[in-house]
Amino acid sequence: MDFGLRGRTAIVCAASMGLGRSCAIALGNEGVKLIIVARRRQVLEQAATEIQAATGAETVAVAADVTTQEGRNAILAACPDPDILVNNAGGPPPGDFRNWDRDDWIKALDANMLAPIEIMKSTIDGMIARKFGRIVNVTSHAVKAPVGMLGLSNGARSGLTGFVAGLARATAEHNVTINNLLPGTFDTDRLKSNLQALAASTKRPVDQVTQQIKSGNPSKRFGHPDEFGATCAFLCSVQASYITGQNILIDGGAYPGTF
Ligand code: NAP
């Protein structure tokens with residue numbers, strides 16, 4: 001299927017590795033010009049070279065921290081009028097809420113709620129004026145079913161989810177859609193560090209924890225980042241113009257609810 005995106009431009013945040021990188025590759029394969037963002041310049045530039053070689057899409061690297069105004073300014077200077085925005089950032093650390101202070105909460109809110117809102121604020125009116133826009137926010141399965149040790153993530157991402165639910169209804173008539181993608185357990189560095197934290201907190205070997213989580217998933221495996229990227233690209237397609245304000249869970253069937 002041709003997603004009708006050839007010639008469009010996308011900002012893909014947190015895209016040097018993992019899920020963001022896979023979103024960039026899937027959009028690049030559809031002929032979208034890419035502006036990819038992450039903090040570590042060398043890793044990012046290497047990723048940009050690889051993504052451009054793999055997809056043929058022009059790929060510009062902007063080394064920036066999405067949680068800072070300076071970082072967001074640099075992204076928008078490189079691409080003031082994106083057609084597509086994929087909001088993503090690192091996830092907050094696991095832990096016990098008794099040990100978190102105000103600064104910990106502000107960091108989580110900055111990365112997983114306020115940065116996406118600020119970048120949407122700077123780009124959405126251009127999308128509305130041009131009558132085309134696709135925004136995908138990478139959130140987490142923790143929004144739908146909280147993960148005990150990820151309280152900072154449960155809280156901050158739920159704030160973004162509530163905000164987006166309202167905004168998406170205000171932009172739909174302009175062919176600007178906003179959806180959230182909720183990863184379950186995907187095989188990335190973030191997952192590895194969460195598994196290590198879980199192993200340490202339960203005093204079990206990492207391999208045992210990994211196998212237990214895999215076998216507890218109805219699909220008996222972790223997700224592949226490419227599966228995530230493909231869904232992101234579909235949500236950005238012309239075919240997906242009637243899908244907005246949704247929270248789409250990609251978790252191999254782990255969430256046990258009927259709806
Ligand atoms: P990952 O493999 O650790 O990759 C994170 C990417 O984000 C890297 O490119 C990193 O590069 C970049 N990044 C982090 N903080 C940033 C910032 N402030 N500004 C710009 N770039 C930043 O993570 P992932 O597994 O792809 O996860 C992506 C998101 O999905 C995270 O928020 C994670 O919590 C969430 N999630 C993942 C899973 C999973 O199973 N993988 C499940 C639920 C939720 P630099 O470090 O160089 O900046």
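Before calling a hand, I noted the convention: a crossing is right-handed if the near helix is turned clockwise from the far one by less than a right angle, and left-handed if anticlockwise. I also noted that this is a predicted model.

**Helix pair.** I looked up α1, residues 18–29, and α2, residues 41–55. Their axes come within 9 Å and cross at roughly 35°. I recorded the crossing of α1 and α2 as right-handed. On the α1 side the contact is made by R21, A24, I25, G28 and N29. A47, E50, I51, A54 and T55 make it on the α2 side. By class, I have five nonpolar, three polar and two charged residues in this contact.

**Ligand site.** How many residues surround the ligand? I found 28, and the closest are S16, L19, A89, F186 and T188. Sorting the shell by class gave 10 nonpolar, 12 polar and six charged residues. For helices, I noted that α1 and α6 (189–202) each supply at least two residues of the shell.

I then looked up atom distances to the ligand. A polar side-chain atom of T188 is 2.4 Å from a ligand oxygen atom. For S16, a polar side-chain atom lies 2.6 Å from an oxygen atom of the ligand. Taken alone, the ligand exposes 890 Å², and the protein buries 92% of that.

**Loop residue.** Where does M149 lie? I placed M149 in the loop between β5 (133–138) and α5 (151–171). Leaving out residues up to four places away in sequence, M149 touches P94, G95, W100, N194 and L198. I also checked M149 against V164, 15 residues apart along the chain, and their C-alpha atoms are separated by 25 Å.

Key: Residues numbered from 1 in each chain as written. Predicted model: local features only at pLDDT ≥ 70, side-chain atom pairs only at ≥ 80, totals over all residues. Heavy atoms only, no water. Axes fitted to C-alpha atoms, helices over the stretch in contact; angles between N-to-C directions. Helix = DSSP H or I, 4+ residues; strand = E, 2+ residues; numbered from the N terminus. Contact = heavy atoms within 4.5 Å. Nonpolar A, V, L, I, M, F, W, Y, C, P; charged D, E, K, R; others polar. Near = heavy atom within 4 Å. Polar contact = N/O pair within 3.5 Å; in protein donor to acceptor, adjacent residues only side chain to side chain. Areas by Shrake-Rupley, 256 points an atom, 1.4 Å probe, with all protein chains shown as cover.
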